[in-house]
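Trainee: Could we walk through this structure together? I would like to learn how to read its helices and loops.

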Amino acid sequence: MKPDGPAIRRIRRAQMMSLRSLQALTGLNRGYLSRIERGLIHDAADHRVRAIANALQVKPAAITQEEKT
């Protein structure tokens, strides 16, 4: 899946959630989460994107970029 880092950051901040809290909820490394939010990771494993979506209580489609063909 292609995560939409800015969308993840917007949703996380709107929920007043810190990266540490997101780390605790997902089990993913805080540095990894930061790199996703900054757009440095362009392709992430499906289970990682789903873990982030679950922690933010949104559908995966809300935090991914669709490829347009």
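Mentor: Gladly! Let's begin with a definition: helices are DSSP runs of H or I with at least four residues, numbered from the N terminus. Keep in mind that this is a predicted model.

Trainee: Then where does M16 lie?

Mentor: Start from helix α1, which is followed by M16. The next helix in the numbering is α2, and M16 lies in the loop between α1 and α2.

Trainee: Is M16 buried or exposed, and what is its relative accessible area?

Mentor: A residue counts as exposed when its relative accessible area is over 50%. M16 passes that cut-off and is exposed, with a value of 76%.

Trainee: What is the phi of M16?

Mentor: Most residues other than glycine have a negative phi. M16 is not a glycine, yet its phi is positive, near 55 degrees.

Trainee: Which residue in the segment after α4 also deserves a look?

Mentor: Look for a positive phi in a residue that is not a glycine: Q57 has one, of about 60 degrees. Its relative accessible area is 72%, so Q57 is exposed. The residue found in the segment after α4 is Q57.

Trainee: Back to α1: which of its residues are buried?

Mentor: Buried means under 20% relative accessible area. In helix α1, which spans residues 5-14, the buried residues are G5, A7, I8, I11 and R12.

Trainee: At what angle do α2 and α3 pack?

Mentor: Two packed helices are described by the angle between their axes and the distance between the axes. For α2 (residues 19-26) and α3 (residues 30-37), the axes are 9 Å apart and the angle is about 115 degrees. That makes α2 roughly perpendicular to α3. The angle you asked for is about 115 degrees.

Trainee: Which residues of α3 make the contact with α2?

Mentor: The crossing of these two helices, α2 and α3, is right-handed. From α2, the contact uses L19, R20, L22, Q23 and T26, and from α3 it uses R30, L33, S34 and E37.

Definitions and conventions. Residues are numbered from 1 along each chain as its sequence is written. This is a predicted model: local features need pLDDT of at least 70, side-chain atom pairs count only at pLDDT 80 or more; totals for chains, interfaces and linings use all residues. Side-chain values use heavy atoms; hydrogens and water are left out. Axes are lines fitted to C-alpha atoms, for helices over the stretch in contact, and angles run from 0 to 180 degrees between N-to-C directions. Angles under 35 degrees count as roughly parallel, over 145 as roughly antiparallel, 65 to 115 as roughly perpendicular and the rest as oblique. A crossing is left-handed if the near helix is turned anticlockwise from the far one by less than a right angle, and right-handed if clockwise. Contact means heavy atoms within 4.5 Å. Buried means under 20% relative accessible area, exposed over 50%, partly exposed in between (1.4 Å probe, protein chains only).
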